[in-house]
Amino acid sequence: MSSPHSPDQNHLLAALPAAEFEPLAAHLELVPMRLGEMLYEPGGQLQYAYFPTTAIVSLHYVMETGASAESAGVGNEGVVGISLFMGGETTPSSAVVQTMGHAYRLAGRLLKQEFNRAGLLQRLLLRYTQALITQMTQTAACNRHHSVEQQLCRWLLMALDRVSSGELIMTQELIASMLGVRREGISEAAGKLQHAGLIRNRRGHIAVLERSGLEARACECYAVVKKELDRLLSDVRYRQGTSQ
């Protein structure tokens with residue numbers, strides 16, 4: 001029986017033509033991503049890039065007090081470790097697994113080597129980086145100007161786009177940490193969504209029952225980020241078909 005895991009589950013890797021993918025393929029290492037695992041810490045030297053397939057990684061900024069908030073999430077649409085090819089080598093943020101799953105790991109030196117060839121991989125990574133910057137900017141504005149319920153709807157929709165099922169294994173405490181709000185605020189917002197029949201919430205699990213209802217209650221931030229990602233990668237051709 002063939003393995004259920006494939007690099008093609010990551011959109012960036014799937015977008016590489018065979019001629020550019022094959023030199024990388026032998027160096028891609030499938031790794032499990034455990035909930036809460038720290039991929040890199042603030043100021044630490046990055047050694048690997050991670051291309052998630054079924055996992056979701058949260059990029060966090062941690063304050064001196066220990067408080068933190070998510071600046072962006074990365075799932076099967078992207079890569080963790082943009083500092084490697086942008087030249088920074090380190091970052092003041094941390095990267096933590098928020099949804100367990102798998103990713104393909106690639107040594108940083110190999111990613112930089114392929115990036116510097118100035119082929120399609122370089123263009124894909126730069127476009128993705130622009131989309132990631134949009135997500136970070138929109139998240140900052142959303143956290144400042146929109147209600148906890150709107151933020152929760154945005155966060156759930158973005159998570160849904162990155163998983164194959166409608167159920168998320170996630171505690172309210174972790175979501176509160178992601179959004180930088182009090183747990184009580186998340187409990188109240190989740191209670192309203194459950195009462196409206198949009199989600200089913202039980203300890204450690206959130207099942208989305210009506211996605212359209214979440215979209216109606218979310219602020220514009222979700223649509224802005226999704227539209228920009230789709231725009232930047234709209235002309236990408238995949239090895240097993242064409243992008244939609």
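The residues that line the second largest pocket divide into five nonpolar, five polar and one charged, where Ala, Val, Leu, Ile, Met, Phe, Trp, Tyr, Cys and Pro count as nonpolar, Asp, Glu, Lys and Arg as charged, and the others, Gly among them, as polar. The model is predicted, so local features need pLDDT of at least 70 and side-chain atom pairs pLDDT 80 or more, while totals for chains, interfaces and linings use all residues. Residues are numbered from 1 along each chain as its sequence is written, and side-chain values use heavy atoms, without hydrogens and water.

A pocket here is an open set of points on a 1 Å grid over the protein atoms alone where a 1.4 Å probe fits, with protein on both sides within 12 Å along at least five of seven lines, and its lining residues have an atom within 4 Å of a point. This one holds about 190 Å³ of space, a volume being the space filled by probe spheres set on the points, which are joined across faces, edges and corners. Its lining includes Leu 35, Gln 98, Met 100, Glu 167 and Ile 169.

Strand β10 is in turn joined antiparallel to β9 (residues 199-202) by four bridges, with Arg 202 and His 205 as bridge partners. Two residues separate β9 and β10 in this hairpin, and Gly 204 in the turn has a positive phi of about 85°.

Technical notes: Pairing = 2+ DSSP bridges.
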